[in-house]
Amino acid sequence: MPYTAEISRTNPSCFLFLIDQSGSMEDPIPASPDADGPAPASGRTKAEGVADAINRLLQNLVIKCAKSEGVRDYYYVGVLGYGGKVSPAFSGALAGKELAPISEIADQPARVEERSKKVDDGAGGLVEQTVKFPVWFDPIANGGTPMCQALNSARAILTEWLGQHPGCFPPIVINITDGESTDGDPTQAAQAVQNLASDDGNVLLFNLHLSSQSARPIEFPDSEAGLPDKFAQLLFRLSSPLPEYMRSIAQQEGFAATQDTRGFVFNADMVSVIRFLDIGTRPSNLR
Amino acid sequence: MAGNALRVCVQTFWTPKAGNRPDEYEDAFWPQEPVLERAGARFRCAVADGATESSFSAAWADLLVREFSARQPSLTRFFGALPSLRQAWLHRVTAQPLPWYAEDKVRQGAFASFLGLTLEKAGPKSRRFASWSAVAVGDSCLFQVRDGCLIAAFPLTRSEQFNSRPYLIGTAATNEEQLHAHLARARGPCEPGDTFYLLTDAIACWLLRLHEEQAAGDALAGIDSQEAFEALVQEQRAVRDAEGRPWLKNDDVTLLRVNLGR
């Protein structure tokens, strides 16, 4: 049965994030539509929102892999930016690295910021607490959306990875974009990524589309039928169906996931970005 | 009947998850000797299973079994000692400066299942030989075997009960009422020659499944050395059922066997 390989230090898996860094990522995050009328705009850009989401995800992943003796290399992780250029997007000591073991990520954030967070005071109120927020990835926004080139780079990186880890739990690629590809139809490049496989199954490619307008997100659709336009339909077709274990995670989170459900969100707001990243990176079988 | 003392022989066996080093084993048990013979009016032993997701859970599991078995407090005192055990845990794990992610793990806390067994010789006027009582939080299990037959299982009694995520004792200050709501207690009589097994979840589930599907009585009777134990664990991790799942889940495994002298 595919997607059941144990993820361990001797048989690690891999996450590769493709982050759209085109000029339009400088636009503000649209307010989420709400029954009580429009929510106030957050004043932050899409690029900043995505950077926060990726940094938080990396932080959670490190903590998940942290054990008493240190961080176990259950995963290798890469962040590839595409905009003015296509290149590895880690800041700091990891700059230029296509994939880094999670222990290296743990030990080498570009910096550790302090942020304030409201937490339960245990008496029905909220108190502000300062928390450490490690940063590996900074927001960038310029140039076009060379999605084909980004997918081709992902294929090259993962081809090499799979050569070294033929029995691994298949790598998961999460592409986060706010617009259409500017270097051609990405269908073939996306299929080439999905055609890569380990003994445990094909590489999974998920797409996360950020909204430019205040529109309700469409999360985990199972057909093209309800999608608003050709671009949404194209991204749906480029997205892998959820494997069984991930379907059940999506169901636990309240999504009506079926056999045809794909790893795709259209018009995502920041809440659905974080939720999607959480579901898409939750391990199935971590030793 | 053999005087007023209860004679017990305890054997302990343990092995880490396949692929992990012995120092990464996160269960705990007490007594810690491979073989121990004791005679007395009362005897205590315990196992605990530190949760894999948390860090420093082996230290927490160790504190729990020591407190229960070596210090032998009443149950009320044992649970009353949790705040000071939590302090001891925090002190132990923060003795060295920690990197940011380890600080985060300490904040999340450690968790462990716990199973404690007390054996007591009956008083001189009682018609009984002895009695057992057990307390459990989570899915570490106790089995009582007599003449090769399983006669009691506690707190879980069927293999399918191991699927859900159990409630565990945590190092973060918790609602004590909630802990007491998840506390299981049981007691019963015991006879000379009875065997008790204290098992952490993977092998407890395996034993119950063998009992359900193959009516196996004492499938662990033949384990007489650490080598035999490791061989059984290795073999059963490799055997797959019809759905392709291993018979014995790859996990830390702990087996504590208590034989009551005749």
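Chain B of this predicted model averages a pLDDT of 91, and 98% of the residues score at least 70; pLDDT is the predictor's confidence in each residue, from 0 to 100. For the complex, the predictor gives an ipTM of 0.78 and a pTM of 0.81. Because the model is predicted, local features need pLDDT of at least 70 and side-chain atom pairs count only at pLDDT 80 or more, whereas totals for chains, interfaces and linings use all residues. Residues are numbered from 1 along each chain as its sequence is written, with chains lettered from A and ligands numbered from 1 in the order in which they are written.

Chain B contains an open sheet of 6 strands, in the order β3-β1-β12-β11-β7-β8, with antiparallel pairing. Strands are DSSP runs (E, at least two residues), helices are runs of H or I of at least four residues, and both are numbered from the N terminus; two strands pair if DSSP finds at least two bridges between them. The edges are formed by β3 (35-40) and β8 (149-154) of chain B; each has a single partner strand, so one side of each is left without a neighbour in the sheet. From one strand to the next, the twist averages 20°. Strand β1 (residues 6-15) of chain B pairs with β3(B) in the antiparallel sense over 6 bridges, and B:Gln11 has B:Val35 in β3(B) as its bridge partner. Helix α7 (residues 226-238) of chain B packs on the sheet, where it touches β1 and β12 (253-260) of chain B, and its direction makes about 50° with that of β1(B). Axes are lines fitted to C-alpha atoms, for helices over the stretch in contact, and angles run from 0 to 180 degrees between N-to-C directions.

In chain A, the axes of α1(A) and helix α7 (residues 270-281) come within 10 Å and cross at roughly 30°. That makes α1(A) roughly parallel to α7(A) (angles under 35 degrees count as roughly parallel, over 145 as roughly antiparallel, 65 to 115 as roughly perpendicular and the rest as oblique). The contact is made by A:Gly49, A:Ala53, A:Leu57 and A:Leu61 of α1(A) with A:Met270, A:Val273, A:Ile274, A:Leu277 and A:Thr281 of α7(A); residues are in contact if their C-beta atoms, placed from the backbone, lie within 7 Å.

Between the chains, the contact takes 15 residues from chain A and 13 residues from chain B. On the chain A side, α1 (46-65), β2 (66-67) and β8 (126-135) each supply at least two of the residues that touch chain B.

Methods
Two residues are in contact if their C-beta atoms, placed from the backbone, lie within 7 Å.
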